[in-house]
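Work through the exercises below with the model open. Try each task before reading its solution.

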Amino acid sequence: MRILQLIDSLETGGAEMMAVSISNALYRDGKTVFLCASRKGGALTQRIDPNVIYFCLNKRSSLDAGAFWKLYKRMNKEKINLIHAHSSSVFWAIFIKLLTFGKTKVLWHDHFGNRIYEKANIFMVISSFFIDYVICVNEELKNWADRSLFLDRKRIVYINNFPSLKLPRSQPLDSWESPKIVYLASFREPKNHLNLIKAFEIFQKQVDFKPILVLAGRYQQDKYYEVIADYIKEKQLSDTIEILGDVADVGGLLAEVQVGVIASDFEGLPVSLLEYGQAGLPVIVTNVGQCGLVVNHGEFGKIVEINKPESMASSLVSLFSNWEDAVRMGSQFRVHIEKNYGMGNFLTKYHQLLASKND
């Protein structure tokens with residue numbers, strides 16, 4: 001089977017990271033794999049296996065006929081028979097299927113956790129008639145797809161995301177003087193950076209050391225970013241909060257921090273949380289999407305309700321006040337992630353899904 005992973009861009013983000021990780025995993029599993037960024041590349045191009053065939057269409061809009069034609073010609077030339085389309089890229093995949101008279105199969109990978117609060121629009125319902133397989137990143141999305149899409153339920157599955165980092169930790173997790181707390185998330189409203197910043201502001205007033213908050217993720221000079229930057233400046237937090245932007249070497253970053261945080265208002269299954277687990281970090285997560293399940297309802301991490309900075313600050317104090325227990329929890333979290341959210345688990349379920357069409 002010749003598989004194309006199709007995604008809008010390869011800037012840092014959960015769906016984008018999974019497009020790269022799945023491409024690399026499928027190649028190592030013996031498949032011929034292509035990876036296409038329809039709009040633009042990004043920092044994640046550095047993490048693509050050299051044997052995965054990557055190309056970018058540089059499309060200017062969703063109606064860019066020239067870019068679409070380049071994709072269609074490439075599909076024919078390479079004799080690709082499955083498009084694994086991430087998020088909104090599924091619509092171009094469906095058009096390719098129609099042009100190839102159904103010879104090209106379409107797999108839609110749905111990463112958008114907030115979809116569960118929406119009704120499927122008529123365009124999505126009609127499109128579902130042309131989709132062959134659906135992967136959802138959490139059980140709630142699967143339930144939504146089961147209710148909303150016209151597709152055999154055996155071809156709609158929930159499969160965990162999986163992490164794939166190189167982790168060159170240079171010092172033990174229990175050795176620190178000025179500990180770093182990291183939030184891996186693009187600067188978008190659902191990620192609620194202010195929730196964490198306010199929690200950090202409370203937390204640092206309650207401890208006798210100088211913690212550092214690291215915000216790592218893509219940002220633009222838009223209103224959301226400006227509100228955050230203005231708040232940091234107004235509260236005179238610039239000496240304890242670092243905004244890194246895109247980070248290509250996530251493993252290197254996680255090897256230098258002590259705690260990982262998810263502060264979002266909604267999620268699917270954040271890849272960053274799995275990466276925290278792979279790094280063996282103690283974690284704090286908001287009770288959204290699949291986060292509670294990933295940390296086994298509090299066994300492997302602390303869970304707080306959304307937009308409750310006081311609660312998050314209290315959890316940070318608790319972690320650092322009982323650091324040996326926190327380190328132990330992080331170590332157990334790493335074992336849990338390796339066992340239940342590894343690449344092998346993903347590939348097994350992936351191949352079972354692709355075989356289901358012929359059952």
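**Exercise 1: A buried pair**

Arginine 115 counts as buried, at 14% relative accessibility (buried is under 20% relative accessible area, exposed over 50%, partly exposed in between; 1.4 Å probe, protein chains only). The model is predicted: local features need pLDDT of at least 70, side-chain atom pairs count only at pLDDT 80 or more, and totals for chains, interfaces and linings use all residues. Residues are numbered from 1 along each chain as its sequence is written, and side-chain values use heavy atoms, with hydrogens and water left out.

Task: find the salt-bridge partner of arginine 115.

Solution. Apply the criterion: a side-chain nitrogen of Lys or Arg within 4 Å of a carboxyl oxygen of Asp or Glu. The partner is aspartate 110, with the closest N and O atoms 2.9 Å apart. Then check its burial. Aspartate 110 is buried, at 1% relative accessibility.

**Exercise 2: Bridges across the sequence**

Task: which parts of the chain do the pairs glutamate 267–lysine 191 and aspartate 49–arginine 28 tie together?

Solution. 
1. Glutamate 267 and lysine 191 form a salt bridge at 2.8 Å, N to O.
2. Glutamate 267 sits in the loop between strand 11 (259–262) and helix 9 (271–278), and lysine 191 in the loop between strand 8 (180–184) and helix 6 (193–204), so the pair links parts 76 residues apart in sequence. Helices (H or I, at least four residues) and strands (E, at least two) are DSSP runs, numbered from the N terminus.
3. Both glutamate 267 and lysine 191 are buried.
4. For aspartate 49 and arginine 28, the closest N and O atoms are 3.7 Å apart.
5. Aspartate 49 lies in the loop between strand 2 (32–40) and strand 3 (53–56), and arginine 28 in helix 1, so this pair ties parts 21 residues apart in sequence.
6. Aspartate 49 is buried at 13% relative accessibility, whereas arginine 28 is exposed at 54%.

The whole structure holds 13 salt bridges.

**Exercise 3: A nonpolar patch**

Solution. Patch residues have over 30% relative accessible area and no salt bridge; nonpolar side chains (Val, Leu, Ile, Met, Phe, Trp, Tyr) are joined within 5 Å, like charges within 9 Å. The members are Phe95, Leu98, Ile122, Phe123, Ile126, Phe129, Phe130 and Phe150, with about 810 Å² of accessible area together (Shrake-Rupley method, 1.4 Å probe; for residues, only the protein chains shown count as cover). Helix 3 (90–99) and helix 4 (122–127) each give two or more. Helix 4 gives the most, with three residues. Isoleucine 126 belongs to helix 4 and is partly exposed, at 44% relative accessibility.
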